[in-house]
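Subject: Structure handover

Hello,

Here is the structure I promised to pass on. Please open it alongside this email. My notes follow below.

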Amino acid sequence: MDRREFEQTLVLIKPDALRNSLTGYILSQLSEYHSGLRFAATKVIDVSEMLAAQHYAEHQGKPFYASLISYIRGLEHYPTDAWKRRVIAIVFQGPDAVRRIRSIVGPTNPHAAREARPGSIRALGTVVPVKDENGKVVGERMDNLIHASATDDEAEREIKLWFRPNDIPPLMRAYATEMSSEHYYVRDGRLGTSFAPGSICVLAPGDVGWQSDLNTLRLLSRGIPAPVSLEAVIAKYMINDQRELTPDRRPGKQKWIWKALGMVDSSIRWIRSLRK
Ligand code: RTP
Ligand code: MG
């Protein structure tokens, strides 16, 4: 198989595209007929603060950063209906995937897109002023409907940030995977290898992860600095996890019986982990 067939890129259909019912239009612009590319994976995601911050890490500190995070999380387009906040994440695959998708998507700024590339997807976007607490304009928010990776390296980082290997059919995977031989748990943002009540198991023995993620987890669990942060690895394991919701957004309180059974179950698992 030609290696170029495995080139991949990440697309996010952003909340403004969903709000304006442009999903079908965007998917048809990116279809195999127009782009020559195939879907390798897709997910509907309620974007957590951690995932948004990791995705846009390069923009941290810029005047538009807070509004960019709020935009990708859907707070701008669904300020009240929290349950409608989501993006559609898609991995496209095929020769020249990164360049072909960027070309259909168009320039970052929708005004520039309308000038320079009137038929591109982003030509349908808008630009919104960003104001400080005194109402002074401090920047612009570009509601440009869609994200697309800009380079092969960016595509690899982003696909590994949003998708687990098992979200992608085995024969379509472009990056090295490895089977975990250890348990990895996260609690209050800290990594551990044994269970404690309240911790989330991100990988268990036998689970398949990205090899680069397992390298990071091995280093961090031994207290050795790693090339990427813990959040960059674990964010995808929290995708659509109810525990990532802030308390005000959690669905109605659970019945006491289920809560009690949950506590018994966590305690049994904790006692078992101590016996190992
Ligand atoms: P994307 O990552 O979303 O595909 O966009 P891009 O490569 O064309 O542009 P990038 O520089 O990566 O910026 C990511 C997103 O941040 C917002 N942005 N606002 N006000 C500004 O100067 C500015 N610059 C960037 C946009 O929403 C952009 O899509
Ligand atoms: Mg970009």
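One cut-off first: a residue is buried if 20 or more other C-beta atoms lie within 10 Å of its own. Ala 235 has 23 C-beta neighbours inside 10 Å, so Ala 235 counts as buried. Please keep in mind that this is a predicted model.

**Overall picture**

The protein chain has 276 residues, and 31% of them are buried. It holds eleven helices and eleven strands. Look next at contacts between residues at least 6 apart in sequence: 65% of these join residues at least 24 apart.

**Around Ala 235**

Where does Ala 235 sit? Its place is the loop between α10 (230-234) and α11 (256-275). Which residues does Ala 235 contact, leaving aside neighbours within four places in sequence? They are Ser 48, Met 50, Leu 51, Gln 54 and Leu 161. Ala 235 and Ala 52 are 183 residues apart along the chain, yet their C-alpha atoms are separated by 9.2 Å.

Strand β4 covers residues 126-131, and strand β5 covers residues 137-143. The two pair in the antiparallel sense, over six bridges. One bridge to look up: Pro 129 has Glu 140 in β5 as its partner. Five residues lie between the two strands of this hairpin. Gly 135 is in the turn, with a positive phi of about 85 degrees.

**Two non-glycine residues with positive phi**

Asp 96 is not a glycine, but its phi is positive, at about 65 degrees. Asp 96 lies in the loop between β3 (87-93) and α6 (97-105). Is Asp 96 buried or partly exposed? It has 14 other C-beta atoms within 10 Å, so Asp 96 is partly exposed.

Leu 145 is not a glycine either, and has a positive phi of about 70 degrees. Leu 145 is in the loop between β5 and β6 (146-148). How many C-beta neighbours does Leu 145 have inside 10 Å? The count is 28, so Leu 145 is buried.

**Where to start**

I would begin with Ala 235 and its listed contacts, including Ser 48 and Leu 161. Then go to the hairpin of β4 and β5. Finish with Asp 96 and Leu 145.

Best wishes

Note on methods: Residues are numbered from 1 along each chain as its sequence is written. Chains are lettered from A and ligands numbered from 1 in the order in which they are written. This is a predicted model: local features need pLDDT of at least 70, side-chain atom pairs count only at pLDDT 80 or more; totals for chains, interfaces and linings use all residues. Helices (H or I, at least four residues) and strands (E, at least two) are DSSP runs, numbered from the N terminus. A residue is buried if 20 or more other C-beta atoms lie within 10 Å of its own, exposed if 12 or fewer, and partly exposed in between; C-beta atoms are placed from the backbone. Two residues are in contact if their C-beta atoms, placed from the backbone, lie within 7 Å. Two strands pair if DSSP finds at least two bridges between them.
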